Amino acid sequence: MSSAWLPGRDIRPLSESDAEVYVASVCFKTGPPGAAGVEVERLVHDVSDPRFPVPVARVSDAMAASEGPLPGGGVITFEPGGQLEVSSACAPGLPALIAATRADLAAVEALLAGAGLCFGAVALDPGRPPVRTLDHPRYAAMEQHFDRFGPAGRTMMCSTASLQISLEAGFDNPGPSGAAQRWARLHNLLPVLVAMFANSPFLDGVPSGWHSNRQRIWLAMDPTRTAPVPPAADPRLAWARYALDALVLCIPSGEASWTAPRGLTMRNWLRGEGPRPATLGDLEYHLTTLFPPVRPRGFLETRVIDAQAGSDWEPVTAMVTALMDDEHAAGLAAEACAPVASLSDPMRTAARHALADPVLASAALGCAEAALMALPRLGVDAATRTRAEDFVDRYTARGRCPAEERLDRWQRTGSYSGPSQYEEDRENAR
């Protein structure tokens, strides 16, 4: 969610038609599949007590102890509730991406440990209330906007963490590597990705009955900016219309308050209904406040995957990339996922039941097997392949997701914190 705004940039008034053309032209940068990026976002806890509040300032101070940039070229940012995000540099391929992000995360974890902090294991804070500790007009306006839809927005801002995988949009052609085809391919995978990697089973300190409460939170927020972009033959035009029809979340200014007029859409602002004429800079900033499940930012950014525990970000990133960038794996995944369309509400079913739903379980296993076969073709190292095989063996092949290991610990100990039984066994075996 972090973004900088430069006052005075692109201040020319903008027409509605020019805005639609602009959004459609910049959202898909054509290029061959292969390049990739990842954003590993995590909750941060005090090692002595996971219920103890950890404000942004404390996390930021821990990172300030670094003597230089991250070794893999990634960038650290902070979310309003103290979450830390490592955004990788764009890598030419999956092997380079994983190697660089491994190095970055190792460096970050060492800095956190030195400050008595550690990463959390789930994607929605299981016990601490959502408290914003990042003081910025953007987040104050965001909080006020989302409050109009209920409490989900504050929870999203302050208590959730995700794994965001970014891949090339594809070529400007009608083939399987074309942008329209890759856009559709990724959208077809979304319910399976939610179910397969669900890792947020707790709400207010207890199991809620949902496997991905993080996705449940997103489903309860402002739909003009969080719902999927409607399917269309031309995704560029569909995205442009979606962006202009979304409510304006905030209006950056030199004032203390960035709050936007209630009910103002970007389209209506362009038509003259806002506090002043809308500019290209306003439109560019508005695009940073839109959070659909797949966001086109020149590349395709996948936003539905729960944050994973430990090194599990690695097999998840590898498998998702394989299902998109390896044509044979993509074809097998499309066949496996076809029955998911028969579900009345695939995304809600995935968030609530995960792989306990037999349709999603079958689709996930087909996708996992296709991805594992593709990893050698993508050149990933043996460690990544082993971790991916291990992930599938302990979860997907058993009709389980990571949330169920967290629930197992809850049933054994009554605690939502600490390692799972699998992680304890693995550590004891070393």
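This is a predicted model: local features need pLDDT of at least 70, side-chain atom pairs count only at pLDDT 80 or more; totals for chains, interfaces and linings use all residues.

Reader: Understood. In what order do the strands of the open sheet run?

Author: The order is E3-E4-E1-E6-E10-E9, six strands in an open sheet with antiparallel pairing.

Reader: And which strands stand at the edges?

Author: Strand E3 (75-78) and strand E9 (294-296) do. Each has a single partner strand, so one side of each lacks a neighbour in the sheet.

Reader: By how much are neighbouring strands turned against each other?

Author: On average by 20°, with direction ignored.

Reader: Let us look at E10. How many bridges does E10 share with E9, and how many with E6?

Author: E9 pairs with strand E10 (residues 300-306) over three bridges, in the antiparallel sense. Strand E6 (residues 162-167) is joined to E10 by five bridges, also running antiparallel.

Reader: Why is E10 described as largely enclosed?

Author: Because seven of its seven residues are buried, E10 is largely enclosed by the rest of the structure.

Reader: Now the helices. How do H1 and H11 pack?

Author: Helix H1 (residues 16-26) and helix H11 (residues 280-287) pack at about 45°, their axes 11 Å apart. The two are therefore oblique to each other, and H1 passes H11 in a right-handed crossing.

Reader: Which residues make that contact?

Author: H1 contributes Ala-19, Tyr-22 and Val-23, while H11 contributes Leu-280, Leu-283, Glu-284 and Leu-287. By class, six are nonpolar, none is polar and one is charged.

Reader: And at what angle do H9 and H10 cross?

Author: Helix H9 (residues 235-245) and helix H10 (residues 266-273) cross at roughly 70°, with axes that come within 5 Å. That makes H9 roughly perpendicular to H10.

Reader: Which residues are involved, and of what classes?

Author: From H9 they are Arg-241, Ala-243, Leu-244 and Asp-245; from H10, Met-266, Arg-267 and Leu-270. The contact of H9 with H10 has four nonpolar, no polar and three charged residues.

Methods
Residues are numbered from 1 along each chain as its sequence is written. Side-chain values use heavy atoms; hydrogens and water are left out. Axes are lines fitted to C-alpha atoms, for helices over the stretch in contact, and angles run from 0 to 180 degrees between N-to-C directions. Helices (H or I, at least four residues) and strands (E, at least two) are DSSP runs, numbered from the N terminus. Angles under 35 degrees count as roughly parallel, over 145 as roughly antiparallel, 65 to 115 as roughly perpendicular and the rest as oblique. Contact means heavy atoms within 4.5 Å. Ala, Val, Leu, Ile, Met, Phe, Trp, Tyr, Cys and Pro count as nonpolar, Asp, Glu, Lys and Arg as charged, and the others, Gly among them, as polar. Two strands pair if DSSP finds at least two bridges between them. A crossing is left-handed if the near helix is turned anticlockwise from the far one by less than a right angle, and right-handed if clockwise. Buried means under 20% relative accessible area, exposed over 50%, partly exposed in between (1.4 Å probe, protein chains only).
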